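Here is a short briefing on one helix and on the pockets of a structure. Please look at the model below first.

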Amino acid sequence: MTGLILEGGGMRGAFTAGVLDSFLKNNIHFDSVYGVSAGASNGASYVARQQGRNRRIFVDRVAEFKYFSPKHIITQGNFLDVKLLFDTYPNRLIPFDYETFESSPSLFYTVLTDCESGQPVYIERNSVDRREFMLKVLTGSNSLPLLSPAVKISGRPCLDGGLSDSIPLKKAISDGCAKSIVILTREAGYRKTPSGLTPVIKAVYRKWPNMTARFENRHTEYNEAVEYCEAAENNGRCLLLRPETTMNVSRTENDVSRLSALYMQGFETAESKAAEVKDFLSRTGS
């Protein structure tokens, strides 16, 4: 089996969008796809085989709509415009191909964090109906602490999947993926540092101590996950694709020129590695 792992990172997902458009252009597909936060949003369009859809979301429509704004807290209770991204876009403005997505031979897992247990939850697309997938599963995986309310999945409050499993390569390997491609949204050498928001998180979410402990240790777990991926690449179990530079693109970036450049960097990176990726995956015998 082959796996594709998609890190989150908010608008830095423009890099991932470029990579995935190249994969679709070159007919590169996987047995299992694992998406975290913005990586899940990108991955859904990829599994639906909608080349260019992610570019429209991460680049082309950004100037028209502000995805991140305090006004959304007033109207939706969420700093992120989830109604636009997971309802208006897929069902009207940038239609999502539900039929192709749901019938794809690829398994598709969205990663969330169970606030009560602090553990990652992996939701396979066909375990929920299409409305719940968009409005709950994808929304929940993109719901950041303090900026978004928890989303209930099967009665369990969930937040951003990056809190508990930012780069789910271990999950892919445990599921039987012998070779995987990992798309990161940070450049080589990047390491997280402790968050200054930990005291606030502990105060606001004191009823969920397992989640707050996860937040407090997130930098350590993230850095260990990156090092695990680098070791796996050295051992021939995965290939890493990541930007040479993120050009200071932030999680909430709205500068279209920067996002377009990051998208093109992703596309060109994948184009230059297409033959290598195909050769690497073909050696699995899957």
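**Helix α12**
- The cover over the buried residues of α12 includes β1 (2-6), α1 (13-25), α3 (53-60), β7 (179-183) and β8 (238-241).
- Those buried residues (under 20% relative accessible area, 1.4 Å probe, protein chains only) include L259, Y263, F267, V277 and F280.
- This is a predicted model: local features need pLDDT of at least 70, side-chain atom pairs count only at pLDDT 80 or more, and totals for chains, interfaces and linings use all residues. Residues are numbered from 1 along each chain as its sequence is written, and side-chain values use heavy atoms, without hydrogens and water.
- At 1.5 Å a residue, the 27 residues of α12 (256-282) should span 39 Å, and the end C-alpha atoms are 37 Å apart, which agrees.
- α12 bends by about 60 degrees at K273 (the angle between axes fitted to the seven residues ending there and the seven starting there).

**Largest pocket**
- The largest pocket holds about 410 Å³ of space.
- A pocket is an open set of points on a 1 Å grid where a 1.4 Å probe fits, with protein on both sides within 12 Å along at least five of seven lines; lining residues have an atom within 4 Å of a point.
- Its lining counts 18 residues, with S195, L197, F215, R218 and R251 nearest the centre.

**Second largest pocket**
- The second largest pocket has a volume of about 300 Å³.
- Of its 16 lining residues, S164, D165, K170, E221 and A225 are closest to the centre.
- α11 (218-234) gives the largest share of this lining, five residues.

How values were computed:
Grid points are joined across faces, edges and corners, and a volume is the space filled by probe spheres set on the points. Helices (H or I, at least four residues) and strands (E, at least two) are DSSP runs, numbered from the N terminus. The expected span of a helix is 1.5 Å times one less than its number of residues. Buried means under 20% relative accessible area, exposed over 50%, partly exposed in between (1.4 Å probe, protein chains only). Contact means heavy atoms within 4.5 Å.
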